[in-house]
Amino acid sequence: MGADFVWIDWEHSSCNIETMTAIAHDIQFMSEGRSMPVPGHDHASIGYALDAGASVVIPQVETVEQARHVVSAAKFGAAAKGTRSAPPCLWIPGISDMAVDPTRTLWENQNNQAAVILQIENEEGARNLDAILTEVGDQIDAVWLGSLDTRVSMGLDGFSGPEPRFLEVVDLYRETLKKHDIPQCGMCLAGNWASAANKAFVIVGGDFFALLGDMALIKGARENLGPLSANGKGDAKKQTGVENGD
């Protein structure tokens with residue numbers, strides 16, 4: 001299909017660890033890119049997603065302390081501020097112990113093979129983003145502003161809007177990323193290409209959005225395919241346009 005990555009939304013689904021891992025491996029079999037919003041900040045969920053071969057998107061990051069924990073769970077070794085446990089399967093001689101970049105150690109390679117993306121999803125997170133990136137920005141690959149959750153936290157409806165307080169948060173988010181030279185990312189739907197400007201990681205579609213697109217089709221079907229008449233087959237044919245063999 002030509003996509004660079006597939007987004008596995010583990011945060012908003014009920015799939016278990018085994019199902020999540022199977023999905024990530026199926027994607028890996030067909031292509032290279034896979035990213036996964038994890039259910040929270042816990043060390044185990046972040047490790048499971050990374051062990052499955054996915055990059056991770058961490059939701060609801062609001063403070064420096066939370067960001068430190070995320071990096072600790074996602075990275076190998078103190079030099080990368082990490083405490084992630086090394087899976088023994090990554091040290092199988094001649095199979096998985098070979099570094100992609102021979103100038104770096106295996107664990108330095110592993111740290112660089114998966115992206116760590118933070119999601120800022122409320123006003124507090126946006127105002128703390130400068131301090132977060134000052135502390136752990138060298139281990140963060142991109143930042144995502146979750147506009148829907150941000151607006152929910154502010155008592156606002158929808159994914160976007162003209163409210164000055166919300167626009168102030170968006171501007172603060174963008175300016176902070178520019179200051180730290182960290183890429184931003186997010187969605188670009190319905191061909192609104194301007195919304196993807198300067199974003200390094202962009203979602204342009206999904207199965208959920210494809211289903212939403214069927215709403216107009218279903219509405220048209222209800223308007224054009226009326227109920228069967230109770231007056232017999234002749235009227236039913238007139239109502240539905242269906243004949244034997246069609």
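**Ground rules.** I am working from a predicted model, where local features need pLDDT of at least 70 and side-chain atom pairs count only at pLDDT 80 or more, while totals for chains, interfaces and linings use all residues. I number residues from 1 along each chain as its sequence is written, and my side-chain values use heavy atoms, with hydrogens and water left out.

**Rings.** I looked up aromatic pairs and found six. Rings of Phe, Tyr and Trp (its six-membered ring) pair if their centres lie within 6.5 Å; planes under 30 degrees apart count as stacked, over 60 as edge-to-face and the rest as tilted. Phe-5 and Phe-201 are a stacked pair, 4.2 Å centre to centre with 15 degrees between the planes. Phe-5 lies in the segment before β1 (6–7) and Phe-201 in strand β7 (residues 199–203), so this pair ties together parts that are 196 residues apart in sequence. I take helices (H or I, at least four residues) and strands (E, at least two) as DSSP runs, numbered from the N terminus.

Are Phe-5 and Phe-201 buried or exposed? Both are buried; that means under 20% relative accessible area, with exposed over 50% and partly exposed in between (1.4 Å probe, protein chains only). I then checked Trp-7 against Phe-201: the centres are 6.0 Å apart and the planes at 45 degrees, so the pair is tilted. Trp-7 is partly exposed at 22% relative accessible area, and Phe-201 is buried at 11%. I noted one aromatic cluster made of Phe-5, Trp-7, Trp-144 and Phe-201.

**Cores.** A nonpolar core is a set of buried Ala, Val, Leu, Ile, Met, Phe, Trp, Tyr and Cys residues joined through side-chain atoms within 4.5 Å. The largest one has 40 residues, and Met-36, Ile-58 and Val-143 have the most contacts inside it. Which helix gives the most to this core? I found that α3 does, with six residues. I also listed what Val-143 touches, leaving out residues up to four places away in sequence; Ile-117, Leu-133 and Tyr-173 are among them. Contact here means heavy atoms within 4.5 Å. A second, separate core has eight residues, including Trp-144 and Cys-185.

**Strands.** Two strands pair if DSSP finds at least two bridges between them. I see β5 and strand β6 (residues 184–187) paired in the parallel sense over two bridges. Trp-144 stands opposite Cys-185 in β6. Four bridges join β6 to β7, and these run parallel; Met-187 has Ile-203 in β7 as its bridge partner.

**Salt bridges.** How many salt bridges are there? I get 11, taking a side-chain nitrogen of Lys or Arg within 4 Å of a carboxyl oxygen of Asp or Glu. Arg-68 and Glu-135 meet at 3.1 Å, N to O. Arg-68 lies in helix α3 and Glu-135 in helix α5, so the pair ties together parts that are 67 residues apart in sequence. Arg-127 and Glu-123 meet at 2.9 Å, and being four residues apart in helix α5, they are separated by about one helical turn. Arg-127 is partly exposed at 42% relative accessibility, whereas Glu-123 is buried at 15%. Lys-219 and Glu-223 meet at 2.8 Å, and both are exposed. Last, I noted that salt bridges with shared partners join Glu-123, Arg-127, Arg-165 and Glu-168 into one network.
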